[in-house]
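Keep the 3D view open as you read.

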Amino acid sequence: MHNVELLAVARGEQPADLVLRNGRLVNVLSGDIEVTDVALYGGRIAGVGAGYAAIEEVDLQGAFIAPGLIDAHVHIESSLCLPAQFAAAVVPRGVTTVAADPHEIANVAGWGGGPRAAADPQKIASGAGVAGVRYMAECSRNLPLQVVLMAPSAVPATHMETSGAALSAEDLADLLEEGTVHGLAELMNFPGTVQGDPEVLAKIAAFSGRPRDGHAPALSGQLLNAYAAAGAGSDHECATVAEAAEKLARGFYVLIREATNARNLRPLLPLVNERNNRRICFCTDDRMPGDLLTQGSIDYIVREAISFGIEPVTAFRMATLNSAEWFGLHDRGAVAPGRRADLMVFEDLRAPSATHVYAGGRLWAEGGRLLNEKSLAQASVPAAVSSSVRVAWDGFDLRIPATGAHVRVIGSVENQVLTEERILKARIEDGQAVADPTRDILKMAVVDRHTASGSTGLGFIQGFGLRRGAIAGTIAHDHHNLIVIGVDDESMTTAARTVAEMGGGLAISDGSESLAALPLPVAGLMSDRPLGVIRSDYDALLDAAHEFGSTIYDPFMAMSFMALEVIPKLKLTDQGLVDVEAFSFVDLFIEE
């Protein structure tokens, strides 16, 4: 038996597969830097200490050894690539486990593929979306990256959108029973959770004894108490130290996020101290290709935390052991006997960057590159996650008849997914409310792309900075309807049609001309091409948007959150303008 052999190796009676000698172990259990050897056998750590013989030996010559890094919450779909390409990007940086929420693809994969001239929303039966979760599970098999899938709790996110799928408590329980998912992903419908919505509570109950992630931006006081009492155990939406401290005090693990668009790391690091750091983890949530390839993943967060002043062993603990404990993954998160041999080797404790990465005891990456990327087989794309864009173009109309002098405008906030509600004077021409780029007020549209119902929400947004043209995409968390922001209707229509004709993706246009585009044929969310190619096309989109005046670091990522009606304050869905705090629709125009 393997365990018997592992014990024989641990006792020193049988040679290990590999011994890493003369390393400096970042011991997240003791808090020390330990000069020692590490013996590996059968993908596990057999022993730590001197005296082990092995079939193969590597002299680390004083290099540091740390546990493989763990991303406590990520949407792989947001990298715009499939799991194999995602693994190729993050494993060479030392990331060996991710807790992934596949609710992006689950919200889309409801129809089973194939073009439709029209569709009946009532035909989206409970269970639609399961295909997307299973597809991500299949794509994640046999990778050096351990993808721990969480069950999407909010498909759809709320009743205030047109969604492409629906997952019931029974559907999620089935996914748990078959071993596809490990726990319950972010409880985004925090109003429903707090108010005791029966379906939400049924989902929570189905995952009793399992990790249940939270998602409760700005929730506080008695409502936060109710959220904790319902069973949510973590939160990655904290924007201030005060908010994070309150959530820690009420029993939550706080997952500090550093995403492409939501940069919470530096604002929250002052929270960390010797008393509370064991309940704090790191996550990326949503990172685009350029950031993954240039900055990195959890490794970037660790370096930033250390440069801020966090003690290195503490930074590594928050990136490994804490996350493992929150998710009940007690077979990893530390370099200790019996645990997975997921290891990151690096030279500089103050600026750790992986030179070698072992996953399951095998050397998978060296010098920042995967050693055998071609071995990462990719699952075929089933019909359920393709041909996912169905828009009713007959009667498509972006005009907004003016019914008042002032409008509610979504105020985009730099580096945050939270927005503001701004009451501003409308620019009116020929009886129509139009964009006013001189005041950075742009028109926004969200169009049903699941059922071809023609449902379209129209509004205005401030903070994107475009002086001409329009941007569009089928990435619009979490329903992923077609979203467009622009200066004029012609540019917006061109961008929208370009995206639809590609079968999903991102585009930027100027008038009748499409200037740059990135096809995302897998559910309108991901490409099956290499990440480097995706990045090149994505960079072209960003360059064009910045040339058109956008001052946002990543306007496409920022746009994708402007339709998410579970993050305050004001958002737009295909059904209309949503006041998230009131959890209800509001009129675009203000009555005089």
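Which are the buried residues of α16? They are Leu531, Ile534, Tyr538, Leu541, Leu542, Ala544 and Ala545. Keep in mind that this is a predicted model. Now look down the axis of α16. The buried residues fall within an arc of 160°, so they line one face of the helix. An α-helix has 3.6 residues a turn, so residues three or four places apart point the same way.

Turn to the face of α16 that points away from the buried side. It carries the exposed residues Asp543 and Glu547. On the buried side, the cover includes α2 (83-90) and α11 (289-294). It also includes β26 (505-510), β27 (513-519) and α17 (555-560).

Next, check the length of α16. The helix holds 17 residues, 531-547. After α16 comes Gly549, with a positive phi near 115°.

The largest share comes from α2, with 3 residues. The pocket holds about 380 Å³ of space. By class, the lining has 9 nonpolar, 4 polar and 5 charged residues.

Move on to the second largest pocket. Its volume is about 310 Å³. Its lining has 16 residues, and Val147, Val148, Leu149, Gly179 and Thr180 are the closest to its centre. Strand β8 (residues 146-151) gives the largest share of this lining, 4 residues. Here the classes are 8 nonpolar, 6 polar and 2 charged.

Finish at Gly12. Where does Gly12 sit? It lies in the loop between α1 (2-10) and β1 (16-26). Why does Gly12 count as partly exposed? Its relative accessibility is 47%, and partly exposed covers the range between the buried cut-off of under 20% and the exposed cut-off of over 50%. Ala53 is 41 residues from Gly12 in sequence, yet their C-alpha atoms are 7.4 Å apart.

Definitions and conventions: Residues numbered from 1 in each chain as written. Predicted model: local features only at pLDDT ≥ 70, side-chain atom pairs only at ≥ 80, totals over all residues. Heavy atoms only, no water. Helix = DSSP H or I, 4+ residues; strand = E, 2+ residues; numbered from the N terminus. Expected span 1.5 Å × (residues − 1). Buried < 20%, exposed > 50% of the residue type's maximum accessible area, 1.4 Å probe, protein only. Arc of directions from axis to C-beta. Contact = heavy atoms within 4.5 Å. 1 Å grid on protein atoms, 1.4 Å probe; cavity = no way out; pocket = protein on both sides within 12 Å on 5 of 7 lines; lining within 4 Å. Points joined across faces, edges and corners; volume = space filled by probe spheres on them. Nonpolar A, V, L, I, M, F, W, Y, C, P; charged D, E, K, R; others polar.
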